[in-house]
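I open this notebook to record what I looked up, entry by entry, before drawing anything together.

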Amino acid sequence: MLRSASTLVGDRWQRLPEWAAWFSEVGYWAADLREGGSNSVVALSVPTRDYLAVLLAYGVVNQASQAEMVPAEPEQDFEQAKCLPVGACVRVIPVKGPDHKQRVYTGVFGGAFSNHHGQVYELAGSRSPGRRPGPVSWFPADDYRLQLLPWPDLPDAYAGRHRFSEAFEIPAGAGGLVAGQLADFYGRCSLHSVVIGAVNTVLADAQVVVAAPGGAGLTLQGLLRMRAVHSPGSHYRSVVLSSRGDPEKYRHVVRSCQPVAVVLDGAAAVRRWLGAGLAGVTVAVVERTSPTALAAVDVLYENRRRSVTDLGVPRDLANRIPPGVELLAWRSRGTAR
């Protein structure tokens, strides 16, 4: 859908270059590869890094927006919420009242119980060792439902805060850029893609402003709900992890959220994270100017050597590969977990 989109350069709108649309379509195709439950790797060799990872994530999210049928975590009423563990991160979703379909709140769950306000949910700042918990907010159980957020929201990120408030709405301009049902897509919390690379660089790239013909401009970060893993209070579609992190720390929690695809942004990320198998589909981007490019290519080719079979690139993509870019894909042994 980026073929006809424009981007803001200075104070002027310009048509997005063909290569940008092509990379988003590679991400869309990669998301399609998850069908059947097999592990797949899409490897891209590029002459420069640019903001390719964000475009690939856009393609993944765009495809996944059409397939989502249920929330990542079910909404829970008062009786169900009483069984939630105190200290878990939750989202409070309004079902009636002045906030209905307008705002949601996230914080650390303090309990579901009856007091002089009636049946309420408590959200509080997390408790640090040796300190009292942060401020408390009360939410009437009749007006709200709870949604458990097992990851990437971490209780320590809420220390000293009682809650985060965030808009529960469709971003202006998203209509021409996301193919799925917007109310369904933006009204739910789930993880579609994970980008692993230099966090600040990826998030800076995501500030690129795009617009569909006749639509309002918005950043790719706003469109994708892209966020750093330690930035709580934002329902998410894409999360950015540091390539310097420990894959073992995130292996289980990422898999439990069942992202459609993981994008490894750069040679360092490919070398460190390819074997982590965080999702059924991995998109690996290696910039040839990187000092570790050859080592990353060796890792990729070793993975390909153990693969079940190479995957044919769709003709529409194969016939439009941008100059200097190489594209290979294969199906790895084993199944996605």
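**Salt bridges**

I began with a search of the whole structure, a predicted model, and the search returned 14 salt bridges.

In the pair of Glu18 and Arg320, the side chains meet at 2.5 Å, N to O. Glu18 I found to be partly exposed, its relative accessible area being 42%. I also noted that Glu18 and Arg320 belong to a network of salt bridges that links them with Arg3, Glu25 and Asp316.

Next I looked up Arg49, which forms a salt bridge with Asp205, with 2.7 Å between the closest N and O atoms. Here too distant parts of the chain are linked, since Arg49 lies in the loop between β3 (38-46) and α2 while Asp205 lies in helix α5 (residues 199-205), 156 residues apart.

I then turned to Asp153 and Arg227, whose side chains meet in a salt bridge at 3.4 Å, N to O. I located Asp153 in the loop between β9 (144-148) and β10 (164-167) and Arg227 in strand β14 (residues 226-228), so that this pair links distant parts of the chain, 74 residues apart. Both partners are covered: Asp153 is buried with a relative accessible area of 2%, and Arg227 counts as buried at 4% relative accessibility.

**Helix α2 and the cores**

I followed helix α2 (residues 52-67) from its first C-alpha to its last and recorded a reach of 23 Å for its 16 residues, close to the 22 Å expected at 1.5 Å a residue. The helix is mostly covered, as 14 of its 16 residues are buried.

Which residues touch the most other members of the largest nonpolar core? In this core of 58 residues I listed Phe23, Val42, Leu44, Leu177, Leu223 and Met226. The largest share of the core, 10 residues, comes from α2. A second, separate core has 35 residues, among them Cys89, Val239, Leu278 and Leu300.

I took Leu177 for a closer look and, leaving aside residues up to four places away in sequence, found that Leu177 touches Met1, Leu2, Ala5, Tyr58, Asn62, Val210, Ala211, Ala212, Leu218 and Leu223.

I traced an open sheet of four strands in the order β2-β1-β12-β13, with antiparallel pairing. At its edges I found β2 (12-15) and β13 (218-219), each of which pairs on one side only. Within the sheet, strand β1 (residues 6-9) and strand β12 (residues 209-211) pair in the antiparallel sense over two bridges, and Thr7 stands opposite Val210 in β12.

My last entry concerns Thr282, which I found in strand β17 (residues 281-287). At 9% relative accessibility Thr282 counts as buried, and its contacts, not counting residues up to four places away in sequence, are Ser40, Val41, Val42, Val262, Leu264 and Leu274.

Methods
Residues numbered from 1 in each chain as written. Predicted model: local features only at pLDDT ≥ 70, side-chain atom pairs only at ≥ 80, totals over all residues. Heavy atoms only, no water. Expected span 1.5 Å × (residues − 1). Buried < 20%, exposed > 50% of the residue type's maximum accessible area, 1.4 Å probe, protein only. Core = buried A, V, L, I, M, F, W, Y, C linked by side-chain atoms within 4.5 Å. Contact = heavy atoms within 4.5 Å. Salt bridge = Lys/Arg side-chain N within 4 Å of Asp/Glu carboxyl O. Pairing = 2+ DSSP bridges.
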